[in-house]
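Morning, everyone. Please have the sequence and the model open while I talk.

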There are 2 protein chains.
Amino acid sequence: MASFYEKTVHTTPIFQGRIISLQVERVELPNGKTSTREVVKHPGAVAVMPFTNDGRMVVVRQFRKPLEKEIFEIPAGKLEKGEDPALCALRELEEETGYSAQNLQLVTSFYTSPGFADELLYIFEATDLKQGSVRPDADEFVETRLISLEEGLKLMETREIHDAKTVFALMYWQNKRLKARLGE
Amino acid sequence: MASFYEKTVHTTPIFQGRIISLQVERVELPNGKTSTREVVKHPGAVAVMPFTNDGRMVVVRQFRKPLEKEIFEIPAGKLEKGEDPALCALRELEEETGYSAQNLQLVTSFYTSPGFADELLYIFEATDLKQGSVRPDADEFVETRLISLEEGLKLMETREIHDAKTVFALMYWQNKRLKARLGE
């Protein structure tokens, strides 16, 4: 296979924020020419699909400033520096929903926007949930809801579920249901 | 339902690039306190799941600077200002893979990173493909590959498929297969 590697010849730091930073990289292309890449650096994040014993999933409703709207999402949060993704997942689940999980499995990971950001998202499945009390961050306002798969697919149609990780969660969930019906 | 709306009280523009821009917004929280939100503005994008008549999907291999690696992705590209997503999808498919599609359906749309970016991604399914010649952008280096669902799931395991839209495509495809086996 041909290599399409782009070597950075110069990095211009633009911004260092609370959550993200931004830099512009001048790169050497495979054909020897140069171009620029705008790169958002992100600490990475985790998301959890929490399934209750009665076959529902826990989602949280929150306002998202970049979207200027409220959406329902699976619980998620940024990784602290050096934090283990699984521990982060359990922490965020408890903080946002009050549920603790006795069982946690890594399902997959993916980059959310590989064209301009390095955010890597780890997705976990949590089961054997126990309900406790909610402890959101100081500037975080969330409301928990339990949904069935059918409710989830309807929320996706009305764009109240409208982000990559929660749409993934619904597809994953639907897959599991279909496989169970096929005895797999 | 309680409203968690965050009103912007001040916007600080930070950066205006070729593809993204960045601003920091001071917002009023539901409890009356203020906080800041780092918001990446993006023109939006389209992605296409191109299925061949022999049951394979067309993916492209390309180097992604933010990830510092090459991955296989479904064909995708940014929306031009005011561009119709469906026309953009057909254009990007042809430019990157050489395939034109006689049939194109919008499957869904989602925000890729609602915590810090407003990138909205439209996902299409393309069928009845016709092979033509590849015309990538001047600074775009891509290689086309046809994969089966099983090959796709293996590439996901080895993280050669490692981004939200292509992972979605595999889940969607698997769903379709399972439904077909159930006669749905």
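A definition to begin with. By salt bridge I mean a side-chain nitrogen of Lys or Arg within 4 Å of a carboxyl oxygen of Asp or Glu. By that rule, the count over all chains comes to 30 salt bridges. Keep in mind that this is a predicted model. Every number I give is computed from it.

Take one example from inside chain A. The side chains of A:E143 and A:R61 meet in a salt bridge, 3.0 Å from N to O. A:E143 sits in strand β10 of chain A, residues 143-147, and A:R61 sits in strand β5 of chain A, residues 57-64, so this pair ties together parts that are 82 residues apart in sequence.

Now the chain itself. Chain A has 3 helices and 10 strands. What is their order from the N terminus on? The elements of chain A run β-β-β-β-β-β-β-α-β-β-β-α-α. Along the principal axes, the C-alpha atoms of chain A fill a box of roughly 60 × 45 × 35 Å.

Next, domains. The domain assignment of chain A gives domain 1, residues 7-41, and domain 2, residues 45-182. Over C-alpha atoms, the centres of domain 1 and domain 2 of chain A are 31 Å apart.

How do these two domains of chain A touch? In chain A, 6 residues of domain 1 are in contact with 6 residues of domain 2. The two domains of chain A bury about 410 Å² between them, with 48% of it on carbon and sulfur atoms.

The side chains of A:K41 and A:D118 meet in a salt bridge, at 3.9 Å from N to O. Recall the cut-off of within 4 Å. The side of domain 1 of chain A that touches domain 2 of chain A divides into 3 nonpolar, no polar and 3 charged residues.

On to the two chains. A rotation of 180° with 0.0 Å of shift along its axis superposes chain B on chain A, with an RMSD of 0.0 Å. The two copies are thus related as by a two-fold rotation axis. The same surface serves both copies, as 100% of the contact residues of chain B recur in chain A.

What does the contact take from each chain? It takes 76 residues from chain B and 76 residues from chain A. The area buried between chain B and chain A is about 6600 Å², and carbon and sulfur atoms give 63% of that. In chain B, the residues that lose the most area to chain A are B:F4, B:K65 and B:F141, together 11% of what that side buries.

Polar links next. The rule finds 2 salt bridges across the interface of chain B and chain A. A:R181 forms a salt bridge with B:E184, and the closest N and O atoms are 2.4 Å apart. The interface of chain B and chain A also has 29 residue pairs in polar contact.

Which elements of chain B take part? Those giving two or more residues to the side that touches chain A are β1, β2, β3, β5, β6, β8 and α3 of chain B. The largest share of that side, 11 residues, comes from α3(B). By class, the side of chain B that touches chain A has 37 nonpolar, 16 polar and 23 charged residues.

That's my tour. Thanks, and over to you.

Terms used
Residues are numbered from 1 along each chain as its sequence is written. Chains are lettered from A and ligands numbered from 1 in the order in which they are written. This is a predicted model: local features need pLDDT of at least 70, side-chain atom pairs count only at pLDDT 80 or more; totals for chains, interfaces and linings use all residues. Side-chain values use heavy atoms; hydrogens and water are left out. Copies are superposed by least squares on the C-alpha atoms of residues with pLDDT of at least 70 in both. Contact means heavy atoms within 4.5 Å. Buried area is the accessible area (1.4 Å probe) that two parts lose on being put together, summed over both. A polar contact is a pair of N or O atoms within 3.5 Å; within protein, one must be able to donate a hydrogen and the other to accept it, and residues adjacent in sequence count only if both atoms are side-chain atoms. Helices (H or I, at least four residues) and strands (E, at least two) are DSSP runs, numbered from the N terminus. Ala, Val, Leu, Ile, Met, Phe, Trp, Tyr, Cys and Pro count as nonpolar, Asp, Glu, Lys and Arg as charged, and the others, Gly among them, as polar. Domain bounds come from an automatic or database domain assignment.
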